[in-house]
Amino acid sequence: MPYTMEDFKRDYAREYVDRLTPEERLKGIPSDEILKRIPAEERLKGLPDEELMELIKKRFSKEKLQKLL
């Protein structure tokens with residue numbers, strides 16, 4: 001089976017990408033595109049309760065918070 005240009009491109013990309021740091025791999029990708037792929041629960045993991053509560057207060061009105069709680 002012949003080694004095609006598609007094979008070369010795939011092999012070259014694999015070799016090149018393996019040399020990049022995670023930051024270099026993500027360079028040029030908008031943060032909103034990256035965040036779409038990470039579940040909200042995963043993004044919020046590790047946040048202290050106080051910080052999480054502050055974010056919730058900023059996001060929702062008092063009326064909405066009362067309905068949620």
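Trainee: Which residue's side chain meets that of R19 in a salt bridge?
Mentor: A salt bridge here is a side-chain nitrogen of Lys or Arg within 4 Å of a carboxyl oxygen of Asp or Glu. R19 is exposed, with a relative accessible area of 61%, where exposed means over 50%, buried under 20% and partly exposed in between, judged with a 1.4 Å probe and protein chains only. Its partner counts as partly exposed at 48% relative accessibility, and the N to O distance of 2.7 Å joins R19 to E15.

Trainee: How far can I trust such details, and what is the mean pLDDT of the protein?
Mentor: This is a predicted model, in which local features need pLDDT of at least 70 and side-chain atom pairs count only at pLDDT 80 or more, while totals for chains, interfaces and linings use all residues. Residues are numbered from 1 along each chain as its sequence is written, and side-chain values use heavy atoms, with hydrogens and water left out. The predictor's confidence in each residue, pLDDT, runs from 0 to 100; 100% of the residues reach 70 or more, and the mean is 91.

Trainee: In which helix is confidence highest?
Mentor: Helices are DSSP runs of H or I with at least four residues, and strands are runs of E with at least two, numbered from the N terminus. Confidence is lowest in helix α6 (residues 62-68), at a mean of 87, whereas the highest mean, 94, belongs to residues 31-36, helix α3.

Trainee: Is D7 buried or exposed?
Mentor: D7 has its place in helix α1, and its side chain reaches the backbone nitrogen of T4 at 3.0 Å. That side chain also meets R10 in a salt bridge at 3.2 Å, N to O, and both residues lie in helix α1, three residues apart, about one turn of the helix. Because its relative accessibility is 18%, D7 counts as buried.

Trainee: Which residues are linked with D7 in a network of salt bridges?
Mentor: R10, the partner at 3.2 Å, is partly exposed, with a relative accessible area of 38%. The network that includes D7 also takes in R10 and D11.

Trainee: How many aromatic pairs does the count come to?
Mentor: Rings of Phe, Tyr and Trp (its six-membered ring) pair if their centres lie within 6.5 Å, and planes under 30 degrees apart count as stacked, over 60 as edge-to-face and the rest as tilted. By this rule the count comes to two. The rings of F8 and Y12 are stacked because their planes stand at 25°, with centres 6.0 Å apart. Y12 and Y16 are stacked too, at 6.3 Å centre to centre and 5° between the planes, so the number asked for is two aromatic pairs.

Trainee: Which residues do these ring pairs link into a cluster?
Mentor: F8 and Y12 both lie in helix α1, four residues apart, about one turn of the helix, and Y12 and Y16 in helix α1 are likewise four residues apart. The ring pairs therefore give a cluster of F8, Y12 and Y16.

Trainee: At what distance are the closest N and O atoms of E42 and K45?
Mentor: E42 is partly exposed, with a relative accessible area of 44%, while K45 is exposed at 59%. The two form a salt bridge, and their closest N and O atoms are apart by 3.2 Å.

Definitions and conventions. Polar contact = N/O pair within 3.5 Å; in protein donor to acceptor, adjacent residues only side chain to side chain.
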